[in-house]
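Me: I would like to learn how to read contacts, cores and helix packing in a model. Please take one feature at a time.

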Amino acid sequence: MAELSSTYDTSRFGDKVLRIDNVVKRFGDNTVLDHISFDVHMHETVALLGPSGSGKSTVMKCINLLEQVNDGQIWLGETDITDPRENQDSIRSRIGVVFQQFNLFSHMTVLNNVTLAARKVHKWPREKAEEKAMGLLKRIGMDQKAKEYPDRLSGGQQQRVAICRALMMEPELLLLDEITSALDPLLVGEVLEMVGELKRQGATILMATHEMSFAHDAADRIVLLRRGKIAENGSPEEVMDNPTDPETQAFFAAYNRV
Amino acid sequence: MPDINEYGVSAVEQEREQFRSGERRRSILTSIGSSLAFIAAVVITLKLSPGWPRVRESFFSAEYFAMAWPQVLDGLWLNIRVLGVALVGVAVLGTSLALIRMTKSAVMFPLRVVARTYTTIMRGIPMIVTLYLIGFGIPGLDLFGRIDKAVLGTIAVVMSYSAYIAEVLRAGFEDVHPSQRASARSLGLTTGQTMWHVIIPQGIRKVAPALMNDFVAMQKDVGLISTLGAVDAVRAAQIVVAKTYNFTPYVVASLLFIAMSVPFILLNDWYSERRRKREQTGGMV
C-alpha cells in the first residue's frame with residue numbers, strides 16, 4: 001500500500017499531539033471518568049482498553065467534543081479544546097474520527113462521502129476534492145466503488161472508506177472508536193490491516209478496541225481503563241504480557257479464554 | 001450425477017416446477033372466480049333494491065355526466081394550481097416547523113414554544129374551521145383589500161397540512177442514527193450543514209411513504225376550498241347540481257379526483273416496495 005496519510009507537521013506543538021490532563025466526566029451521580037491523564041505522542045499508536053462501561057467511549061467522545069468534560073483539560077497540540085471560547089468545528093476538523101458503525105452517509109456515494117468535508121467545510125472545488133479522494137480510494141483498492149452507495153459495500157469495505165474519509169483532511173490525530181466491533185470476524189482483518197498500514201506510515205492514532213491481539217501487535221502503548229480510572233499505562237509487553245496487578249491479569253486472562 | 005434433461009434441470013426440479021406452475025394456475029383461476037362472484041353479488045343487490053332505478057338516474061346519468069364534465073374539469077384546473085402552490089408552501093413551512101422543534105439552543109426557545117403550540121393547535125382544529133377562519137376572518141379584518149378566495153383557501157390548506165407534515169418530518173429526522181450526526185459533526189460540518197447535507201435528506205427518505213400518503217390526502221382536501229366560494233371542481237359540480245337537481249356532477253368530480261391521485265398512489269406503492277426489497281437484501285454485513 002502506498003502512503004495513505006501525509007504526516008502533518010506538528011513539530012511546533014512539541015512531541016505531544018494529544019494531552020489529557022485530569023479529566024473528570026460525570027453523568028448525574030455516576031463518575032464515568034475520574035481524573036484521567038495520559039498523552040498521545042506524534043506517530044504513536046495508543047490502544048485504549050478496558051471492560052464495557054470502563055469509560056473508553058466517553059474518553060473518545062470528550063476528545064471529539066461530543067461530550068463536555070466536567071473538569072480537567074484536553075490539549076490538541078497547543079489548543080485547549082475544552083476551552084469553550086475555541087471554535088469547536090475547527091477543532092473537530094483537525095481530528096479524524098471513525099465510529100463503530102453507521103459512519104457513512106447512506107444517501108451519498110462513496111466519493112461524495114469522502115469529499116463532503118473538503119467541499120462543504122473547507123470549500124475546495126469539487127475537482128480538487130475528488131482528485132484527492134480518488135487517490136486515497138485507489139490506495140485501498142476501492143476506487144472502483146467510488147460511485148457506489150454504502151449499502152452495496154461489505155461492512156469491512158464501509159469501514160475502510162470511513163477511514164479514508166477521516167484521513168481526507170490530513171488530521172493531526174485519528175480516533176478509532178471500536179471500528180471492528182460491528183463487523184463479521186472475517187471482515188475484521190482487512191480493516192485492521194489498513195490501520196496497521198497507517199501506523200507504519202506514521203499516523204498518530206488513538207483507538208478504543210476489543211481486539212486484544214491487534215492491540216498487542218499494533219499499539220506502541222496500552223492504556224487500560226478500569227472503573228473510570230487509568231489502571232495501566234505502558235508498553236504492550238509490560239501491560240499485557242507481564243502484568244503485575246491481579247485485576248489486570250484477570251482482565252487479559254478472560255480475553256485469552258474466548 | 002442425477003439425470004439432467006435438455007434444459008439442464010434434474011427430473012426432481014422439473015417435477016417440482018410442474019407442480020408449482022399448476023398451483024399458480026389454480027390460484028389465478030380462484031382469484032378470478034372470487035372476483036366475479038363478488039361483482040355479481042354487488043350487481044344483484046343493486047338490481048334487487050327497489051330504489052335502484054332512481055339512484056342510478058340521480059347519480060350515474062350519462063346525460064348529466066356529459067353536461068357537467070367540461071365545467072367540472074375546468075374547476076379541477078384550479079384545484080391543480082392550488083395543490084401545486086400548497087405543496088411548496090407545506091414543504092417549506094412544515095420543514096421549518098420540524099427543524100425549529102428540533103433545535104436545542106436557548107435563543108430558539110420562544111420559537112420552539114411557538115412551533116409546538118402551532119402544531120398542537122392546528123392538528124386539533126377541524127380543517128373546515130381553519131378554512132372559515134382564514135377565508136372569512138382575514139377579509140373581515142379589512143386590512144388587505146379584496147383577496148381571491150382561492151388564495152385564502154390555499155393559505156388555510158398550507159397552515160393545516162404543515163402541522164401534520166412537520167410532525168411526520170420530525171419523526172423522520174429524529175430516526176436518523178445518532179452516529180450519522182456525530183460523523184458529520186466530527187468532519188467539521190456545522191449544525192446547519194449537518195442538517196442540510198445529512199439529516200434532512202436521510203430523514204425524508206425514511207418517512208417518504210407517509211409523506212406521499214399525506215400528499216394524496218391533501219390532493220382531495222384542496223376540494224374543500226369550494227366552501228369559501230372558489231369555483232374549483234367541487235364547486236363547479238355543486239353549481240350544476242343546483243341547476244339540475246341531479247347528483248351526477250359530484251360523481252364526475254370524484255372520478256377526476258381519483259384520476260388525479262392514482263399516479264401518486266402507484267408511485268407510493270412502487271417506492272415502498274422498492275425500499276422494502278432494498279432493506280431486505282442490502283444493509284450492514
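Reply: Two residues are in contact if their C-beta atoms, placed from the backbone, lie within 7 Å. Keep in mind that this model is predicted.

Me: Leaving aside neighbours within four places in sequence, which residues is A:Val114 in contact with?

Reply: They are A:Ala133, A:Leu136, A:Leu137, A:Val161, A:Cys164, A:Arg165 and A:Met168.

Me: How should I read a nonpolar core?

Reply: In soluble globular proteins, nonpolar side chains tend to be buried together. Here the largest nonpolar core has 115 residues. A:Val114 is among the members that touch the most others, along with A:Leu48, A:Cys164, A:Leu173, A:Leu175, A:Leu206 and A:Ile222. Helix 6 of chain B gives this core its largest share, 13 residues. A separate second core, of 12 residues, includes B:Tyr64, B:Val234, B:Val252 and B:Leu256.

Me: At what angle do helix 5 and helix 6 of chain B pack?

Reply: The angle is about 140°, and the axes are 9 Å apart. Helix 5 of chain B is therefore oblique to helix 6 of chain B, since only angles over 145 degrees count as roughly antiparallel. The crossing of these two helices is right-handed. Residues making the contact include B:Ile134 of helix 5 and B:Ala156 of helix 6. By class, the contact has 8 nonpolar, 4 polar and 1 charged residues.

Me: How many residues of chain B are in contact with chain A?

Reply: There are 21, and they meet 26 residues of chain A. Helix 7 and helix 8 of chain B each supply at least two residues of that side. The side of chain B divides into 7 nonpolar, 12 polar and 2 charged residues.

Definitions and conventions. Residues numbered from 1 in each chain as written. Chains lettered and ligands numbered in written order. Predicted model: local features only at pLDDT ≥ 70, side-chain atom pairs only at ≥ 80, totals over all residues. Axes fitted to C-alpha atoms, helices over the stretch in contact; angles between N-to-C directions. Helix = DSSP H or I, 4+ residues; strand = E, 2+ residues; numbered from the N terminus. Parallel < 35°, antiparallel > 145°, perpendicular 65-115°, else oblique. Left-handed = near helix turned anticlockwise from the far one by under 90°. Nonpolar A, V, L, I, M, F, W, Y, C, P; charged D, E, K, R; others polar. Core = buried A, V, L, I, M, F, W, Y, C linked by C-beta atoms within 7 Å. Buried ≥ 20, exposed ≤ 12 C-beta atoms within 10 Å, placed from the backbone.
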